[in-house]
Amino acid sequence: FALQLLSAADKYNALELKDKCEKFAISNITKDKALKSINVGMLHKATNLFLVASPFFNHEEERGREELR
């Protein structure tokens, strides 16, 4: 829900709400939410969210490559 609210806050230029949503999303990130967090971070200029979520996705991608070998 925080990612959806962050999107709405960005759309309506509610910067304080956007910042709080970003911080909440970062504190609750999991590998299951990483890809969506990366997308939201890129689309809505939530740089910290993007930076925190990226390693989750990269780690999973590397593990997938290793399993294919």
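I began at Ser-54, where a polar atom of the side chain lies 2.7 Å from the backbone oxygen of Phe-50. For a polar contact I took N or O atoms within 3.5 Å, one able to donate a hydrogen and the other to accept it; residues adjacent in sequence count only if both atoms are side-chain atoms. Ser-54 sits in helix 4 (residues 47–68), and I found it buried, with a relative accessible area of 15%.

A note on the source: this is a predicted model, with local features needing pLDDT of at least 70, side-chain atom pairs pLDDT 80 or more, and totals for chains, interfaces and linings using all residues. Residues are numbered from 1 along each chain as its sequence is written, and side-chain values use heavy atoms, with hydrogens and water left out.

Next I looked up helix 1. Its buried residues (under 20% relative accessible area, 1.4 Å probe, protein chains only) are Ala-2, Leu-3, Leu-6 and Ala-9. Seen down the helix axis, they fall within an arc of 120 degrees, so they line one face. On the other side I noted Gln-4 and Lys-11 as exposed, meaning over 50%. After helix 1 comes Asn-13, with a positive phi near 60 degrees.

Last, I turned to the largest pocket. Among the residues lining it are Phe-1, Phe-24, Asn-28 and Lys-33. Helices 1 (2–11), 2 (15–27) and 3 (34–43) each give two or more residues to this lining, and helix 1 gives the most, with three. By class, I logged five nonpolar, three polar and two charged residues in the lining.

Methods. 1 Å grid on protein atoms, 1.4 Å probe; cavity = no way out; pocket = protein on both sides within 12 Å on 5 of 7 lines; lining within 4 Å. Helix = DSSP H or I, 4+ residues; strand = E, 2+ residues; numbered from the N terminus. Nonpolar A, V, L, I, M, F, W, Y, C, P; charged D, E, K, R; others polar. Arc of directions from axis to C-beta.
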